[in-house]
Amino acid sequence: MQALAQAFVDNERFLRAVVLVSSQDPEIERRGVQYVARLSARFAAALHPARPAMRHSDPHAAIRWIFGDLFAALTLRTAYGPTFFGPAHTDGQHLEHLCVLARAFLL
């Protein structure tokens, strides 16, 4: 989770531009879809050892779902800024919130 969030922080300016234009440019969208698929697979692989501890009846699906939720939250924050959902939180606070969310859902 931390590596996923850090990638957004480290590449914030580039990703903001890409996210905002991707729906209007088929090539950027195609590349984005490919990148997200690779990132999702890496995320799932990183969580694979924890699957026995997951309480969800379908851990594979749960990992896909939480990746989608986390990716969406990071994308919105990157595209529209930290105040989009209300008062700004630091990147660290935002990451901690997302980690709590992921742990609560998966474990």
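Biologist: How many residues separate Glu 27 and Arg 31 in helix α3?
Modeller: Glu 27 and Arg 31 sit 4 residues apart in α3, about one turn of the helix. A helix here is a DSSP run of H or I, at least four residues, numbered from the N terminus. This is a predicted model, where local features need pLDDT of at least 70, side-chain atom pairs count only at pLDDT 80 or more, and totals for chains, interfaces and linings use all residues. Residues are numbered from 1 along each chain as its sequence is written, and side-chain values use heavy atoms, with hydrogens and water left out.

Biologist: What joins the side chains of Glu 27 and Arg 31?
Modeller: Side chains of opposite charge can pair when their charged atoms come close. Glu 27 and Arg 31 meet in a salt bridge, 2.8 Å from N to O. The term means a Lys or Arg side-chain nitrogen within 4 Å of an Asp or Glu carboxyl oxygen.

Biologist: Which residues form the salt-bridge network with Glu 27?
Modeller: Arg 30 and Arg 31 are linked with Glu 27. The closest N and O atoms of Glu 27 and Arg 30 are 2.5 Å apart. Both residues lie in α3, 3 residues apart.

Biologist: Is Arg 31 buried or exposed?
Modeller: Arg 31 is exposed, because its relative accessible area is 54%. Exposed means over 50%, buried under 20%, partly exposed in between (1.4 Å probe, protein chains only). Glu 27 is partly exposed at 33%, and so is Arg 30 at 40%.

Biologist: Where does the salt bridge of Asp 91 lead?
Modeller: Asp 91 pairs with Arg 77, with 3.1 Å between the closest N and O atoms. This pair links distant parts of the chain, α5 (residues 91-106) and α4, 14 residues apart. Arg 77 counts as buried at 12%, whereas Asp 91 is partly exposed at 41%.

Note on methods:
Helix = DSSP H or I, 4+ residues; strand = E, 2+ residues; numbered from the N terminus.
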